[in-house]
Amino acid sequence: MSTIAEAAEAGAKPVAASRPVEELDSVVIRFVGDSGDGMQLTGNEFSRAIAKAGNDFATHPDYPSEIRAPTGTLFGVSGYQIQFASRHVFTSGDAPDVLVAMNPAALKTNLSDVKRGGMLIANSGAFNEANLAKAGYKSSPLDDGSLDGYRVYKIDISELTARALKESGLSKKEIGRCKNYYALGLMLSLYSRPLEKEEDDIRNKFAKKPEIAEANVLALRAGYAYADAAELFVTGYKVRTAEITPGTYRSLTGNHATALGFVTASERSGVPLFLGSYPITPATDILHELSALKHFNVTTFQAEDEIAGVCSAIGAAYGGALGMTTTSGPGMALKTEALGLAVMLELPLVVVNVQRGGPSTGLPTKIEQADLLQAVYGRNGECPIPVIASRSPADCFDCAIEAFRLAVKYMTPVILLSDGGIGNAAEPWRIPDPASLPKLEVKFRTETEGFQAYARDENLARAWVRPGTPGLEHRVGGLEKDFLTGNISHDPMNHQRMVDVRAAKVAGIAREMPPQEVSGPSEGDLLVIGWGSTYGSIVQARQQAVTEGRSVAHVHLRHLNPLPPDLGDIMKRYKKVLVPEMNLGQLSRLLRERYLIDVVQLNKVQGKPFKVSEIYDRILELC
Amino acid sequence: MASTLAEPVAVLSKKDFESNQDVRWCPGCGDYAVLAQIQKLMPTLGIPRENFAFISGIGCSSRFPYYMETYGMHSIHGRAPAIASGLKLARPELSVWVVTGDGDALAIGGNHFIHAMRRNIDLKVILLNNRIYGLTKGQYSPTSEMGKKTKTTPLGNIDRPFNPVALALGAGATFVARTVDADQAHMASVLKRAAMHKGTAFVEIFQNCIVFNDGAYDAITDRSVRDDARLLLEHGKPLIFGKNKDKGVRLRGLDAELVTLGENGVTEADLLVHDEAAARSSQAFLISQLEVPAFPVPLGVFRAVSQPSYETLNEELHADARARRGQGNLSDLFKSGDTWIIE
């Protein structure tokens, strides 16, 4: 061991390992540690290294709502799971094959998820008396035999990192922060990945702090060298390259993809983007991303509250910008009245709800899909709003563009549902050629002849008029308006007509929806209908069931209001319909109500995504 | 837009700013006077009619936009400053006005009100203060005086009232003024000053509600007594008031004191001189604290200072970002960060 430490201390580049390499189809790794241990960073960096090697991947960050909980505590554990494979990957995986645990609390809270016989890499240096006590261990699980049945690797990452960096001149605290790169080095070696690209990345990332960059590079090399040379790992692993569509790729989280989609909508329409928003977990990253894009026609406004966020966006939309706001459940509740106003004003507006566990403050950093009925119905009066949902991180890009396409075409607010899972999770995104993306048609009315503020086109949309247009001065507002002029009207039949036409306008969106894509047999025993981030789990569960010879198909809905016009007919072609959702049955309710067809619910509200096996097991029970 | 630039700007009159909608305020409501003054002011500002936008919330005063032949929005309760902020940020070239009331601005919309003042975004915020809830038929408002009996305070109001001028000053507003509906000339001059100010301009207008709070401002509007009850602020002039112009306000320690000129050797030189342009708002705040019955009610411009407006700073940020990075293009944005090629 000393030779390795010496090599690392000297900053020497490790030589390639000579141990045998075993090929695997897929691997699930979970990095866990204190919320200040840098596990999210480690996970991110590892994903990128994996992606560059040509594997597909999906991730699931799982972190506490405390910013930096007291060290070593069970509630302060932060985790990052990644699945990478030689085939297309849809989820971050059910059970980790490998758990990298930086302290006893991290081991304790995650061990039950790990595959029996799986690999545990434990930072033994953190398994001291104090930390064991905080985690509620009476004796060290690394030594008391309780981990028999797992392949346990005790590596004193704290000490080895400190040794590698003893000449670095950094403080003890700063050195402590480098141990996540040591762990990353271990894993890169174990999975036969080269170091050079990662070293470049570190130097770029810490360009402003070169001494920290070099320390992290040293820690990375030390970890890599240790894994290469130590006889702990008798086998290295390699996951074959996946068959992926050729192209240039980058890793993208759902929130980042959402932001890129909105900028794209702005660029492809030639209309400036305006985001009015108030920070809220897990939606804030969209505000962060767009705030950094002031060299585009993008204005971001951090409003005084959620209500001002949506109201400023309505004001901007009135001014002729692509107005939007981003939030999560509790913020959505606050924006409700303003959404009613936007419906009355018939202005384009996009509202993103990156859902989290509710009700009330609920589980800010955990996943749930329980805001669907709120999105579809949650306003006073007859107040229809189109609702769409993204199914994966990369799909957020397409959905953001689709949201604005609908908003400007139909002159309506549109709700885009994402969730904390896809918002924070990353997957590879094939970078499109911007010129190949569809143009968004936006027309501002300037013609004064025959102008009526609420006259409608064939889609029942009224004209969008920018203030500043001579001769079209008019007033809008939240009071019921005359069918044509938009002036205040309390006439009973006019109100009936306006309520009807607002409903018909939104319902009419269904006309343009293409036939739903059905994966699997076009008729049979079971149809699984999903929406949002359950996509990956359902796809994999169905594929497994098909290999078992089951007759099962899958439809995943993007449009939730209105529902696709052919969905009822599709449902009738199967003996049973299963609807897995991370709520108590909200889509199930919408489907029953709309089609008078019963569905089988599969509901989970644990702040965690569905495991593939949970859906798979239910499929097998039903067909 | 291009066609209007080529043509000479038409000379507009008050009539051009009157919409075809019937005004539905109660006969005798103070709102009529405010509407007339603003319609009269508009053509004098040299701004094309189509570049005005009036945004309001809910309440009697918030019907205002319907009566203006400009762009306008009658929005939801209390939110007009937020909507107007978004509009102004998206369209800095527009002249954006917020018309609000004591309930709309100071109760349900209090948060948006103070933040608009704080940001110094170029909005004209006109608060019609009648110290009562009119549209809901007579409940006390955040500016109703202590002890006032209303439908919801049958035994007298125990809510301490806001002083809107003090609130705006406290929130950092760069232009703060007060006028009264019954004094057309004074209102006209104050509104004009507000219109010319770059940044958030706040004007409180004492407005009589003839149905639910009639006579609330008689003391300062009745010509026979008003000169003793009100103090007209003029920049650079000492604080003198009274029918005989013999009363004044002087500084005693950090507070104000009422004095009579000629008594106890007090001369004009002893009086506080109004400085609306002072960098700090401490003296304006002191003057805002003058209230009946101990003092006359100050009317006029309390504060008018020049500070960069929010939408200008925002435009500068964008210009700076473009200067440094060039106009953004999607292709570069998509490829920024870490990419890899699959062949």
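How many residues does the contact take from chain A and from chain B? The contact takes 58 residues from chain A and 54 residues from chain B, where two residues are in contact if their C-beta atoms, placed from the backbone, lie within 7 Å. This is a predicted model, in which local features need pLDDT of at least 70, side-chain atom pairs count only at pLDDT 80 or more, and totals for chains, interfaces and linings use all residues. Residues are numbered from 1 along each chain as its sequence is written, while chains are lettered from A and ligands numbered from 1 in the order in which they are written.

**Where chain A touches chain B**

- Several elements of chain A each supply at least two residues to the side that touches chain B, among them helix H2 (39-52), helix H10 (254-269), helix H13 (329-345) and strand S17 (475-477).
- Helices (H or I, at least four residues) and strands (E, at least two) are DSSP runs, numbered from the N terminus.
- The largest share of this side of chain A, nine residues, comes from H12(A).
- By class, this side of chain A holds 29 nonpolar, 18 polar and eleven charged residues.
- Ala, Val, Leu, Ile, Met, Phe, Trp, Tyr, Cys and Pro count as nonpolar, Asp, Glu, Lys and Arg as charged, and the others, Gly among them, as polar.

**A strand pair across the chains**

- S17(A) pairs with strand S2 (residues 71-74) of chain B in the parallel sense, over three bridges; two strands pair if DSSP finds at least two bridges between them.
- In this pair, Val476(A) stands opposite Met73(B).

**Chain A as a whole**

- Chain A has 21 helices and 22 strands.
- Its radius of gyration is 27 Å, close to the 25 Å that the globule rule gives for 623 residues, so chain A is as compact as a globular protein of that length.
- The radius of gyration is taken over C-alpha atoms, and the globule rule is 2.2 Å times the number of residues to the power 0.38.
- Along the principal axes, the C-alpha atoms of chain A fill a box of roughly 90 × 55 × 45 Å.

**The domains of chain B**

- Chain B is divided into domain 1 (10-236 + 275-321) and domain 2 (238-273), with bounds that come from an automatic or database domain assignment.
- The centres of the two domains, taken over C-alpha atoms, are separated by 29 Å.
- Eleven residues of domain 1 of chain B are in contact with eight residues of domain 2 of chain B.
- S7(B) gives the most to the side of domain 1 that touches domain 2, with three residues.
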